[in-house]
Amino acid sequence: MSGFGVEVRDLTARYDATVALDSVSFTIRPGVITGLLGRNGSGKTTALSVLAAFKRRASGTVLVDGEDPWENERVLAGTCLVRESGDVAQDQKLKDTLEFLADRRPLFDTQLAGALMDRFELDPLNRPDRLSRGKRSAFGVVVGIASRTPLTLLDEVHLGMDAPSRYAFYDALLADWLEHPRTIVLSSHLIGEIERLLEDVVMLDRGAVLTVSDADTLRSSGLTVTGPAHDVAAFVAGREVVARQHLGRTAQATLVGPRDDDAARARAAGLELGPVALQDLFVHLTDRVPTPEEAR
Amino acid sequence: MTVDVARAPRVSSVRATAQWLLMMHLYLAMWAWAMAIVVVTLAIVVINTVGEVQNSVLSFARQGAIWFPFSVFIAITAAYLPVHIAAGLTRRSLARGSILAAIGTGIAYGLVYNGLLLVERAVFGAMGWEWRVLEGMSPDTADPLAIATSTTLTFVVAYLCGLLVGITYMRAGGWWGTLALPLTVGPILVVSVLFAYESGPLETSAWFGSDQASPIAAAASLLIIAVQAFAFDRLTRGVDVPRRTT
């Protein structure tokens, strides 16, 4: 197992008077791809910013590979946070930025960067400020993957990328991770797309941790039931349904809180049981009526 | 996984930062001085055509050499911080690299400015024109060493002021950044006044004596540079990378 592990205990972070993270605690296992999920304003970017020492914490403990990342030369050299399209010089050619990073990032792979540039059809002589948003995001992806840092934090890096580019990103990330295992934290709203990559999940909501779990355990906290609509309705009667879909006479319902006799009941009723989609669980867990303050 | 045993960065982060910033400023300096040479040459030709050349024209570029890089240092401090931290480098290396770049840029501007003054002086001599410095805050001296010392130290102080203005706005925001301007920009005026001797508003030659005014001004400038460097280092080490607004 390789990569930096992360321990966060009672972390509080503020922007002036606004509390972005309120005493949150979670662990990120080394060498694992972890999804950091949460609605807008839940504190995902703040959490990643503290881990990468972009932002000071107000209180609490943050340990990356066992050490405080703030002004820690070794930990920072091994940590890469890419926010949206990356923090790169906007008026420099892409090739100059790659050279800049190759000189500074101990594990930067120039060949991989070149291959990814080709894959995303990025012109090395172009500049970030002349690229479309999708292309800028693709360059952020190049930087994030090619830096090959033991802790890679990718915060909404897909923004603006079209579907083929996003899938190329997921494939490239997974392929390189399999070859060079390291800790990767992915923050994204496109949970359905990244779900297959995630081994662990940290869910934040309104600056607090909602759940920390491995993805399989989280998925097993719910199930889908598919079959004739009236049989499905009977099966889920009185239970917590977080999503429903209908196609003609066929229906699918997503439940949370599976029971021991679910398999037997489903067999008897001729229904199919399946795993729950993280996206549905996420929507269920974070669904809430906004407070008057948020509504304003 | 330990990064430090995997592969060390190719160059020290302080050196890399200083080099990168210095190259950026020298690139801009090349353009600035190229334009200054054209403008000064044209001005001398025009003055010679319509009147009599009596004063150094290039010496008026001193203010430009103070304020142009000063403003660039403000902008680059804000723009480069996220790039530096995102590249996995510490604020410590950013502070030290920036200070070295400011000192290097000041020396470079001092060398170019004083080199051009010598060229201008030689041209004036060849043409039979009188050469003297009449720019408002410059001492009325013909000693090249005194001019080189005063201008180079003033440039270094000014560029460190640019760093301080930029980092203060980033740390403290608009109101406090503006209120702190007397502290962050003030050193330029202090050093200019000290080096102006009898030409300035305080007539430091009368205070310290004509023999002592120059060494005292130089020593005070070096002290100010040290304080500025310390303040910039402290302010930089605690700065947050600004939030993305895109």
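**View 1. Where chain A meets chain B.** In this predicted model, the contact draws on 31 residues of chain A and 27 residues of chain B. On chain A's side, α2 (73–77), β5 (79–83) and α3 (94–104) each supply at least two of the touching residues.

**View 2. The open sheet of chain A.** Here three antiparallel strands of chain A line up in the order β2-β1-β4. Because β2 (18–28) and β4 (59–64) of chain A stand at the edges with a single partner strand each, one side of each has no neighbour in the sheet. On average, neighbouring strands are turned by 25° against each other, direction ignored.

**View 3. A closer look at β1 and β4 of chain A.** Five bridges join strand β1 (residues 6–15) of chain A to β4(A), in the antiparallel sense. Look for A:Glu7, which stands opposite A:Leu63 of β4(A). Helix α1 (residues 44–51) of chain A packs on the sheet and touches β1, β2 and β4 of chain A, its direction making about 115° with that of β1(A).

View 4. Chain B has eight helices and zero strands, and 40% of its 246 residues are buried. Of the contacts in chain B with a separation of 6 or more, 81% link residues 24 or more positions apart. Helix α8 (residues 213–237) of chain B has 25 residues, so at 1.5 Å a residue it should span 36 Å, in agreement with the 36 Å between its end C-alpha atoms. Among the buried residues of α8(B) are B:Ala217, B:Ser221, B:Ile224, B:Ile225, B:Gln228 and B:Phe232.

Conventions:
Residues numbered from 1 in each chain as written. Chains lettered and ligands numbered in written order. Predicted model: local features only at pLDDT ≥ 70, side-chain atom pairs only at ≥ 80, totals over all residues. Contact = placed C-beta atoms within 7 Å. Helix = DSSP H or I, 4+ residues; strand = E, 2+ residues; numbered from the N terminus. Expected span 1.5 Å × (residues − 1). Buried ≥ 20, exposed ≤ 12 C-beta atoms within 10 Å, placed from the backbone. Pairing = 2+ DSSP bridges. Axes fitted to C-alpha atoms, helices over the stretch in contact; angles between N-to-C directions.
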